[in-house]
Amino acid sequence: MFASATKPAFACSNIWMPDPTASPAAGASPQPGYVQPDMGNSHVAVGTQVKYTYCPPASGRHYFASGQGPIPARPYGPSDTVIPEGWVHNLEHGGLVILYKGDQADQAALRALYDAVPVSPVCGFQPGGNSPGPVVVRFDDMAWPYAALVWDRVLPMQTLDQAAVLDLYARYGERTNPEKLCNPSASPSVAPGESSAPSPSPS
């Protein structure tokens, strides 16, 4: 019983560092973030320890239970106990997850970023609450002070960059995730400014 009580809630095989990429060709648009190899999207029972090949995980096994995964979309403080098995399910639904490392992160700036996130780019969900995102949460097992994630894509940041995070979400939010919550096309060819008619809440 003691061993079970002290077992970490999750484990990481590698602290992920993306390989450098070439600069965009002349006239090409830069693509925000780096593609992370997909780790699957199966559900596991609450309490199962998941070992992620890459951390921070932009995919992988996760919980499927009310309040456990996906988790309510809101900012979480440094002392809140929030584990990736919960918020990876938000990613699976197309949500944006913003991570910060340690207890010295600028919480006011994180809150301002949370408040700046618009309706979701494909389904038109209002941010927060029962929507997939945004989730703002502490995660220490990463190489940078901040990171923004959508499914299979990670934007590392040495400083919090609101414009870059919103660009990542506009381009890839609800488009790369395997579990769609609305009917409109979610292909990457959809222009960042386009969206469907807003829906009141995710089903």
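P121 is placed in the loop between α3 (107-116) and β7, where helices (H or I, at least four residues) and strands (E, at least two) are DSSP runs numbered from the N terminus. In this predicted model, local features need pLDDT of at least 70 and side-chain atom pairs count only at pLDDT 80 or more, whereas totals for chains, interfaces and linings use all residues. Residues are numbered from 1 along each chain as its sequence is written, and side-chain values use heavy atoms, with hydrogens and water left out. With a relative accessible area of 6%, P121 is buried; the term buried stands for under 20% relative accessible area, exposed for over 50%, and partly exposed for values in between (1.4 Å probe, protein chains only). The C-alpha atoms of P121 and E174 are 6.9 Å apart in space, while the two residues are 53 apart in sequence.

The protein chain contains four helices and nine strands. Their order from the N terminus on is α-β-β-β-β-β-α-β-α-β-β-β-α. Of its 203 residues, 44% count as buried. Among contacts (heavy atoms within 4.5 Å) between residues at least 6 apart in sequence, 66% join residues at least 24 apart.

Two disulfides are found in a search of the whole structure, a disulfide being a pair of cysteine sulfur atoms within 2.5 Å. One joins C12 to C55, with an S to S distance of 2.1 Å. The link of C12 and C55 is left-handed, with -80° about the S-S bond. It connects distant parts of the chain, since C12 is in strand β1 and C55 in strand β4 (residues 50-55), 43 residues apart. C12 counts as partly exposed at 25% relative accessibility, whereas C55 counts as buried at 0%. A disulfide is also formed by C123 and C182, whose sulfur atoms are 2.0 Å apart. This link of C123 and C182 is left-handed, with -85° about the S-S bond. C123 lies in the loop between α3 and β7 and C182 in the segment after α4 (162-172), 59 residues apart. Both C123 and C182 are buried. With bonded cysteines counted along the chain, the disulfides follow the pattern 1-2, 3-4.

Rings of Phe, Tyr and Trp (its six-membered ring) were paired if their centres lie within 6.5 Å, with planes under 30 degrees apart counted as stacked, over 60 as edge-to-face and the rest as tilted. The count by this rule is two aromatic pairs. The ring centres of F10 and F139 are 5.6 Å apart and the planes are at 25°, so this pair is stacked. F10 lies in strand β1 (residues 10-15) and F139 in the loop between β7 (135-138) and β8 (146-150), so the pair ties together parts 129 residues apart in sequence. F10 counts as buried at 18% relative accessibility, and F139 is buried with a relative accessible area of 3%. W87 and F139 form an edge-to-face pair, 5.7 Å centre to centre with 90° between the planes. W87 is in helix α2 (residues 84-92) and F139 in the loop between β7 and β8, 52 residues apart.

R153 lies over the face of Y172, at 4.2 Å from the ring centre. The criterion for a charge over a ring is NZ of Lys or CZ of Arg within 6 Å of the ring centre and within 35 degrees of the ring normal.
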